[in-house]
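Welcome! Please take a look at the sequence and the model before reading on.

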Amino acid sequence: MPQLIVTAVGPDRPGLVADLTQHVYDVGASLADSRMVNLRGHFALLALIEGSPESLTSLRRKLEGDGTRMGLRLEMYEADTATTRAPGGVPYRLKVYSNDQPGIAARVTALLRQHSVNVEELETRIESAPFAGTPLFVLEGVVTLPSGTSVRKMREELATLGEKIGCDIDLDTI
């Protein structure tokens, strides 16, 4: 089935998700996978929408016309339906937490890349540390280790990196 990837960014407001999803419904398409978030007052959406070629063409026209009215900057492109996930990977939950400092996500994901670990989902945020109230950086995600990768070795390398940059890093089974 044809797929359309839509990204949207703009000021957040109540009803924005309802407006977007109504457009999808109105043309007879389906919201397959999506991520929507309020980033400190800024709405961001990434969505994979499925439908007939006619419904996706209609959706594209509707969103191009209504995007500005909704206060959104939109990008849309056809997804390659032949693209699939590499077989044999094993998913794990990754959690990193530390006093906030630049470069944590870059250094952790660089280590993952060295081992061909795929990042399936990733979320970062700044929280207030319990008791101290200082800024605490939190990274959470789902990663897929390639088949044959030693989980023990991966955990050891993450722990070594964590010690080096002052972070706690957990890699747990899902």
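## A first stop: Met 70

Is Met 70 buried or exposed? Met 70 is buried, because its relative accessible area is 3%. Here buried means under 20% relative accessible area, exposed means over 50%, and partly exposed is in between, with a 1.4 Å probe and protein chains only. Met 70 sits in the loop between H2 and strand E4 (73-78). Helices (H or I, at least four residues) and strands (E, at least two) are DSSP runs, numbered from the N terminus.

Which residues does Met 70 touch, leaving out those up to four places away in sequence? They are Arg 13, Leu 16, Asp 19, Leu 20, His 23 and Leu 63, where contact means heavy atoms within 4.5 Å. Arg 93 is another matter: Met 70 and Arg 93 are 23 residues apart in sequence, and their C-alpha atoms are 36 Å apart in space.

## How to read the model

This is a predicted model, in which local features need pLDDT of at least 70 and side-chain atom pairs count only at pLDDT 80 or more, while totals for chains, interfaces and linings use all residues. Residues are numbered from 1 along each chain as its sequence is written, and side-chain values use heavy atoms, with hydrogens and water left out.

## Helix H1 and its buried side

Helix H1 covers residues 16-26, and its buried residues are Leu 16, Leu 20, His 23 and Val 24. As background, an α-helix has 3.6 residues a turn, so residues three or four places apart point the same way.

What covers the buried residues of H1? The cover includes strand E1 (3-11), E2, E3 and helix H2 (53-66). After H1 comes Gly 28, which has a positive phi near 85°.

## Two antiparallel pairs

Strands E2 (residues 30-39) and E3 (residues 42-50) run antiparallel and are joined by nine bridges. Two strands pair if DSSP finds at least two bridges between them. Leu 31 lies in E2 and stands opposite Ile 49 in E3. With a relative accessible area of 33%, Leu 31 is partly exposed. Together with Val 17 and Met 36, Leu 31 makes a nonpolar surface patch of about 200 Å². Patches are made of residues with over 30% relative accessible area and no salt bridge; like charges are joined within 9 Å, and nonpolar side chains (Val, Leu, Ile, Met, Phe, Trp, Tyr) within 5 Å. Accessible areas come from the Shrake-Rupley method with a 1.4 Å probe, and for residues only the protein chains shown count as cover.

Strands E6 and E7 (residues 135-145) also run antiparallel, with 10 bridges joining them. Ile 126 has Phe 137 in E7 as its bridge partner.

## Turns with a positive phi

The hairpin of E2 and E3 has two residues between the strands. Arg 40, in the loop between E2 and E3, has a positive phi of about 50° although it is not a glycine. Arg 40 counts as exposed, because its relative accessibility is 70%.

In the hairpin of E6 and E7 there are six residues between the strands, and Phe 131 in the turn has a positive phi of about 70°. Ser 116 is not a glycine, yet it has a positive phi of about 60°. Ser 116 is found in the loop between helix H3 (104-114) and strand E6 (118-128), and it is exposed at a relative accessible area of 53%.

## Salt bridges

How many salt bridges are there? The count comes to 10, where a salt bridge is a side-chain nitrogen of Lys or Arg within 4 Å of a carboxyl oxygen of Asp or Glu. Asp 19 pairs with Arg 13, their closest N and O atoms being 2.7 Å apart. Asp 19 is partly exposed at 27%, and Arg 13 is partly exposed at 30%. Asp 66 and Arg 69 form a salt bridge at 3.9 Å, N to O.

Lys 153 and Glu 157 meet at 3.8 Å, N to O. Both lie in helix H4 (residues 151-165), four residues apart, about one turn of the helix. Salt bridges that share partners also join Lys 95, Glu 123, Arg 125, Glu 127 and Glu 140 into one network.
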